[in-house]
Amino acid sequence: MKPTSLLATAIALITAMPAIAENNTFDINMKKAGAPIQSTMYGIFFEDINYAADGGLYAELVKNRSFEFPNALQGWKIFGNVEVRNDGPFERNPHYVRLSDPGHAHKHTGLDNEGFFGIGIKKGETYRFSVWARADRPVTLRVELVNTASMDENHFVCQQSLTVNSREWKKYQVTLRPSETLDKSTLRIFMETRDGASVDLEHISLFPTDTWKGREGGLRKDLAQALADLHPGIFRFPGGCIVEGTDLDTRYNWKNTVGPVENRPLNENRWEYTFPHRFYPDYFQSYGLGFYEFFQLSEDIGAEPLPILSCGLACQFQNDDINAHVPVDQLDPYIQDALDLIEFANGPVTSTWGKVRADMGHPEPFNLKYIGIGNEQWDALYPEHLEPFIKAIRKAYPSIKIVGSSGPNSEGDQFDYLWPEMKRLGADLVDEHFYRPYEWFLSQGTRYDNYDRKGPKVFAGEYACHASGKKWNHYYASLLEAAFMTDLERNADIVHMATYAPLFAHVEGWQWRPDLIWYDNLNSFRTVSWYVQQLYSLYKGDNVAGLTMNGKPVAGQDGQNGLFASAVREGNLLYIKVANTSDKEQQLTFNFNGLKKKAVMKASKRIDLSSDKLYEDNSIEAPVNIIPVEKKFDGQGQSIRADINPYSFSIFVLTTE
Ligand code: AHR
């Protein structure tokens, strides 16, 4: 090759390189391990919003199974001779249906259930149909899953017969094996026996047999697995606003969610009507997924349970009238609910509530350590209501840690008022919420650096990056969450818990987005934000390692080229997390300070989350459109170089020799 063409090639190569690569030197303190990182640091927040419980994690496929919706037949289509009655066997769910002879040989009596946006079924899997029933003389029912949209000869994809032969209420069940996969089938029950017969049916239920941990009446496996795969350290439940209630009658009352499912009373779901532009008139809480199941799931996935209870204030967004709330001098039943919950979780089997837990199958305590009182509350009303709870809980259970709230906003008057109030009252942690736009996330890299280290710890209890205007899941928002989380991590001495919110959303039933995990009736996918959360959990570390650039935390500050970074140690491993929020590739030099003279750091691997599809995410159709990729990372010494793509997040894994 002639020298001139060599020069031309070199010029071509230089111009083909990405926009100017910057040099950024990070100083990492290897001499002294920093603050310990709590096991609770990264966790999950569950709320029954977006059909997260019924129609989501709770694997029940029948909607309004106990005929307790205000319209007793909502979700059902009846044919022939069907009557709704209300003297059934379950005191708190008294409604049931009586099916009788249709009165003509060519007519039929029965009913169809539409499920939640249809009933999703898979060929090759089995489904357990169960019903409480009674009849004066044997009555045979035909139970089917049907595809009413099919042009085939038969609508049904499976059928079973079931004979009710008891005069007393009894539970019957049969197994259904669909011959096809359908995302929107219908459950159909036909009465086959005629001759003037009738049969009573109550609590009509259909579950996949293949649930999470194979539990009968359990959780949808793919969704529970998506939680387990996050390796959460803390599990906050049951919300969110749902804790408070639009009025006190509809607050989340944990006592209604334990004991046999047949007798757990229905509750209205506030997300039914919160947004009239996305209105869901069939959104109720069956409480099939209740506090026992939440504790059990915490145990399954290795997370500390963190229940949040009503403080006697109905949702303040929805109630201006002071009379909507419980007066402070009438709070005793609410305080008792909190004390009883601790007994339910931790009490001996001989205690009243410990016995309820044991009777449900868990004689061992759940070892509850945290409780939250109140969600997004504000004004003097909140501290006034919280104080008697704190006094009573401290007296009865001094080791339980209490979580208070700083209200719905990440800053502002109420935030500034409530934090000192939480300190005054001695809350152990303060729950902060921030659903904020890009600019906010980019500006909060040093948020916790100057928090008072002597007061309560921080629980970043609900957060997600929302674009301005239309809100949806997309890569860029997740990248900014990753960037912001370096601040949580660097301040792990004061930030003890963080949970993204909300967790789940049905693609046909959402009220709020973005969300961490999406699903339809058959499939689910994990968003890029889910992967960010998972990466932080997997590389959580044991102790913070000091990391600076020109003596300052790397937090998107002036002169830092849009970089955010933090480092943690775990045994002889070092994890460096770097988010590059700029549109340029950046060169990084890691200087490992404080190592012994001959000691070196060895690069082991890197995990890159990188994409140029800033406004895309994963989806049902493309569930792994954007996911982290593990790559080689070479080098050793007291200083190691690396580069990082524009708009990307990387974790560098190194070992000390
Ligand atoms: O996560 C959705 C809602 O956001 C929660 O219910 C509430 O606490 C917050 O306003």
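This is a predicted model: local features need pLDDT of at least 70, side-chain atom pairs count only at pLDDT 80 or more; totals for chains, interfaces and linings use all residues.
**Ground rules.** I number residues from 1 along each chain as its sequence is written. Local features need pLDDT of at least 70, side-chain atom pairs count only at pLDDT 80 or more, totals for chains, interfaces and linings use all residues, and side-chain values use heavy atoms, with hydrogens and water left out.

**L368.** I looked up where L368 sits. It is in the loop between helix 5 (352-359) and strand 18 (370-373). Helices (H or I, at least four residues) and strands (E, at least two) are DSSP runs, numbered from the N terminus. L368 is buried, at 3% relative accessible area. Buried means under 20% (1.4 Å probe, protein chains only). Beyond four places in sequence, L368 contacts F295, P305, P307, I342, A345, N346 and I400; contact means heavy atoms within 4.5 Å. I also checked E304: it lies 64 residues from L368 in sequence, yet 7.2 Å away in space, C-alpha to C-alpha.

**Largest pocket.** I then turned to the largest pocket, which holds about 500 Å³. A pocket is an open set of points on a 1 Å grid over the protein atoms alone, where a 1.4 Å probe fits, with protein on both sides within 12 Å along at least five of seven lines; lining residues have an atom within 4 Å of a point. Volume is the space filled by probe spheres set on the points, joined across faces, edges and corners. Of 26 lining residues, Y58, E216, G217, G218 and V261 are closest to the centre. Helix 3 gives the most to this lining, 4 residues.

**Second largest pocket.** I read its volume as about 390 Å³. Of its 20 lining residues, K122, P208, R220, D222 and N521 are closest to the centre.

Notes
Buried means under 20% relative accessible area, exposed over 50%, partly exposed in between (1.4 Å probe, protein chains only).
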